[in-house]
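Subject: Structure handover

Hello,

I am passing a structure on to you. Please open it first, then read the notes below it.

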Amino acid sequence: MSEDRIPAEIFHPSEFIIEEMAARGWTSLDLSSMAVMPLTELQGILAGGPLLAHHAERLAVAFGTSPQLWANLWMAYKKYAAMRER
């Protein structure tokens with residue numbers, strides 16, 4: 001196996017959230033309402049802030065996914081960011 005492999009780039013979960021919002025024609029206010037999440041918390045995530053367990057649960061309700069999807073996206077991003085710092 002080659003040591004010079006380049007890992008795939010991993011994005012902050014906000015990228016996926018923004019894409020899903022656009023595909024569904026939702027605004028931040030729409031998602032905030034459907035996720036029963038304060039708009040300021042959602043804006044923090046969309047700006048690149050942390051995605052906590054309760055955010056994952058609320059996003060899952062709004063998007064019809066599992067909380068684990070959002071938790072996995074967050075953990076993958078955190079691992080990728082840590083690797084890039086090294």
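Here is what was found, from the whole chain down to single residues.

**Overall**

Keep in mind that this is a predicted model. The protein chain has five helices and zero strands. From the N terminus on, the elements read α-α-α-α-α. Taken along the principal axes, the C-alpha atoms fill a box of roughly 45 × 20 × 20 Å. The protein chain has 86 residues, and 29% of them count as buried. Look at the contacts with a separation of 6 or more: residues 24 or more positions apart account for 54% of these.

**The nonpolar core**

Which residues have the most contacts inside the largest nonpolar core? They are Ile17, Met21, Leu31, Leu51, Leu59, Phe63 and Trp70, in a core of 18 residues. Helix 1, helix 3, helix 4 and helix 5 each supply at least two residues of this core. Helix 4 gives the most, with five residues.

Leaving out residues up to four places away in sequence, Leu31 touches Ile17, Met21, Trp26, Leu42, Leu59, Ala62 and Phe63.

**Aromatic pairs**

The structure holds three aromatic pairs. One of them joins Trp26 and Phe63, and this pair is stacked. The ring centres are 5.4 Å apart, with 20° between the planes. An angle under 30 degrees counts as stacked, so 20° qualifies.

What does this pair tie together? Trp26 lies in the loop between helix 1 and helix 2 (28-34), while Phe63 is in helix 4. The pair therefore links parts that are 37 residues apart in sequence. Both Trp26 and Phe63 are buried. Ring pairs also bring in Trp70, so that Trp26, Phe63 and Trp70 form a cluster.

**Helix 5**

Helix 5 covers residues 67-85, which is 19 residues. At 1.5 Å a residue, the helix should span 27 Å. Its end C-alpha atoms are 27 Å apart, so the two values agree.

Which residues of helix 5 are buried? They are Trp70, Leu73, Trp74 and Tyr80. These residues cover an arc of only 130° around the axis, which puts them on the same side of helix 5. They pack against helix 1 (13-24) and helix 4 (53-63).

**His12**

His12 lies in the segment before helix 1. Is this residue buried or exposed? Its relative accessibility is 7%, so His12 counts as buried. A polar atom of the His12 side chain lies 2.8 Å from the backbone oxygen of Gly49. Apart from neighbours within four places in sequence, His12 is in contact with Ile45, Gly48, Gly49, Trp74 and Tyr77.

**Leu39**

Leu39 is found in helix 3 (residues 39-46). With a relative accessible area of 29%, Leu39 is partly exposed. Leu39 touches Ser28, Leu29 and Ser32, not counting residues up to four places away in sequence. Leu39 and Ser28 are 11 residues apart along the chain, and their C-alpha atoms are separated by 7.2 Å.

Best wishes

Key: Residues are numbered from 1 along each chain as its sequence is written. This is a predicted model: local features need pLDDT of at least 70, side-chain atom pairs count only at pLDDT 80 or more; totals for chains, interfaces and linings use all residues. Side-chain values use heavy atoms; hydrogens and water are left out. Helices (H or I, at least four residues) and strands (E, at least two) are DSSP runs, numbered from the N terminus. The expected span of a helix is 1.5 Å times one less than its number of residues. Buried means under 20% relative accessible area, exposed over 50%, partly exposed in between (1.4 Å probe, protein chains only). The arc is that of the directions from the helix axis to the C-beta atoms. Contact means heavy atoms within 4.5 Å. A nonpolar core is a set of buried Ala, Val, Leu, Ile, Met, Phe, Trp, Tyr and Cys residues joined through side-chain atoms within 4.5 Å. A polar contact is a pair of N or O atoms within 3.5 Å; within protein, one must be able to donate a hydrogen and the other to accept it, and residues adjacent in sequence count only if both atoms are side-chain atoms. Rings of Phe, Tyr and Trp (its six-membered ring) pair if their centres lie within 6.5 Å; planes under 30 degrees apart count as stacked, over 60 as edge-to-face and the rest as tilted.
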